[in-house]
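Could you walk me through how this protein chain is packed? I would like to hear about its cores, its helix pairs and a few individual residues.

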Amino acid sequence: MPSNIALVKYWGKRPGNLNLPLVSSLSYTLDGYGSKTHIALDEKDSLILNGKEKSGDEAKKTFAFLDLFRATSEYYRVVSDNNIPTAAGVASSASGFAALTAAMIALKGWDVPLKEQSMLARLGSGSAARSFWNGIVLWHKGVREDGMDSYAEPVTLQTEPMAMAVLLLDQSQKKISSREAMKISLATSPLAAEWPARQQAHLDAALKVKDLPSLGHIAEENAELMHELIRTGTPSVDFDLSETKEWKTRVRQWRGQGVPVWFTQDAGPNLKLLFPRASQKDITERLNATGVGYFVV
Ligand code: DP6
């Protein structure tokens, strides 16, 4: 299953145990970049990730998710391979939980429509709900307490075809998980009260765009607002490295030179650049000239 990058971000949860989001979100799927997972019955639980047996938090989170499906005395051997460069810092939890959901459904031999698969994956990680389709995907936050209206579906925007370059700026571990940073910022930032309405306005506008520059502009503004919310929480969290700041400046400079390119940023220092597919040659030439590592989807 592929990973995905939000153009209008999921940030914040509603109360309860069903991982229900405060806001709806819109994403672009990283076709070909994600996780391949197989689950077999075994004597005990195990997780083999990229050829290595894991025992820490990753394994705990995985087994806790599998508990949702577990019959009495049923144990699982989970073998998962991730082909996203580790340096990308790209939410591997999105592809990871989507692939885990699909593998569990295959093991059980169930026939589950994608909409319901999306709801099941959401229980593991919110962004995983959006990984079941290619292209642009909308995750409806829903309003019900049982979460049965909180699912994703593919949508078509009236823009020219887009592409995304994922920049590989930093390889280090996340300093704080998105789950933790979400909690802190929404509980303490003075911007928390206005975030849901401003985020919804971004989403409404994104769904109506007629061209890619409008979508790029919204995506960049939405990411900047999310990071302002995170920075103004207590304690303040700033995901930017100096390279991140340099790249934001560079993207704005390129735009000043007439290049149609915008950035978005998740809970880490790496930027993802958004541009029309027709500009791919120009953008990759520019990226190559800087020596930065990247991949384009
Ligand atoms: C900044 O999906 O990782 O990438 O539901 O707690 O697992 P949990 O959070 P997660 O958060 C993703 C946050 C984001 C924005 C997004 O992908 O929409």
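Here is a short tour, from the cores to the backbone details.

## Ground rules

This is a predicted model, in which local features need pLDDT of at least 70, side-chain atom pairs count only at pLDDT 80 or more, and totals for chains, interfaces and linings use all residues. Residues are numbered from 1 along each chain as its sequence is written, and side-chain values use heavy atoms, with hydrogens and water left out.

## The nonpolar cores

A nonpolar core here is a set of buried Ala, Val, Leu, Ile, Met, Phe, Trp, Tyr and Cys residues joined through side-chain atoms within 4.5 Å. Buried stands for under 20% relative accessible area, exposed for over 50%, and partly exposed for what lies in between (1.4 Å probe, protein chains only). The largest nonpolar core holds 39 residues, and those with the most contacts inside it are Trp11, Ile39, Leu66, Val78, Leu100, Trp195 and Phe239. At least two core residues come from each of helix 1 (57–67), strand 5 (75–82), helix 2 (92–108), strand 6 (136–139), helix 4 (178–188) and helix 6 (212–231). Helix 2 gives the most to this core, with five residues. These elements are DSSP runs numbered from the N terminus: helices are H or I with at least four residues, strands are E with at least two.

Contact is taken as heavy atoms within 4.5 Å. By that rule, and leaving aside neighbours within four places in sequence, Leu66 is in contact with Ile39, Tyr76, Val78, Leu100 and Met104.

## Helix 2 and its partners

Helix axes are lines fitted to C-alpha atoms over the stretch in contact, and angles run from 0 to 180 degrees between N-to-C directions. Helix 1 and helix 2 pack at about 40 degrees, with their axes 11 Å apart, and are therefore oblique to each other. For the wording, angles under 35 degrees count as roughly parallel, over 145 as roughly antiparallel, 65 to 115 as roughly perpendicular and the rest as oblique. The crossing of helix 1 and helix 2 is right-handed; that is the name used if the near helix is turned clockwise from the far one by less than a right angle, with anticlockwise giving left-handed. Lys61, Thr62, Phe65 and Leu66 in helix 1 meet Phe97, Leu100, Thr101 and Met104 in helix 2. By class, this contact has five nonpolar, two polar and one charged residues. In this scheme Ala, Val, Leu, Ile, Met, Phe, Trp, Tyr, Cys and Pro are nonpolar, Asp, Glu, Lys and Arg are charged, and the others, Gly among them, are polar.

What is the angle between helix 2 and helix 3? Helix 2 and helix 3 (residues 114–124) pack at about 125 degrees, with their axes 8 Å apart. The crossing of helix 2 and helix 3 is right-handed. Phe97, Ala98, Thr101, Ala102 and Ile105 of helix 2 make the contact with Gln117, Leu120, Ala121 and Gly124 of helix 3. Here the classes are six nonpolar, three polar and no charged residues.

## Helix 7 against helix 8

The axes of helix 7 (residues 242–256) and helix 8 (residues 280–290) come within 13 Å and cross at roughly 140 degrees. Helix 7 and helix 8 are therefore oblique to each other. On the helix 7 side the contact has Trp247, Arg250 and Trp254, which meet Arg286, Leu287 and Thr290 in helix 8. The residues divide into three nonpolar, one polar and two charged.

## Two buried residues

Leu47 lies in strand 3 (residues 46–49) and is buried, at 4% relative accessible area. Not counting residues up to four places away in sequence, Leu47 touches Lys52, Glu53, Lys54, Glu58, Ala59, Thr62, Phe63 and Val78.

Ala223 belongs to helix 6 and counts as buried at 1% relative accessibility. Beyond four places in sequence, Ala223 touches Lys9, Thr264 and Gln265.

## Backbone details

A cis peptide bond joins Thr234 and Pro235, with omega about 0 degrees. Pro235 sits in the loop between helix 6 and helix 7.

Which residues other than glycine have positive phi? One of them is Asn19, with phi near 50 degrees, in the loop between strand 1 (2–8) and strand 2 (25–42); Asn19 is buried, at 10%. Ser73 has phi near 55 degrees and lies in the loop between helix 1 and strand 5, where Ser73 counts as exposed at 63% relative accessibility.
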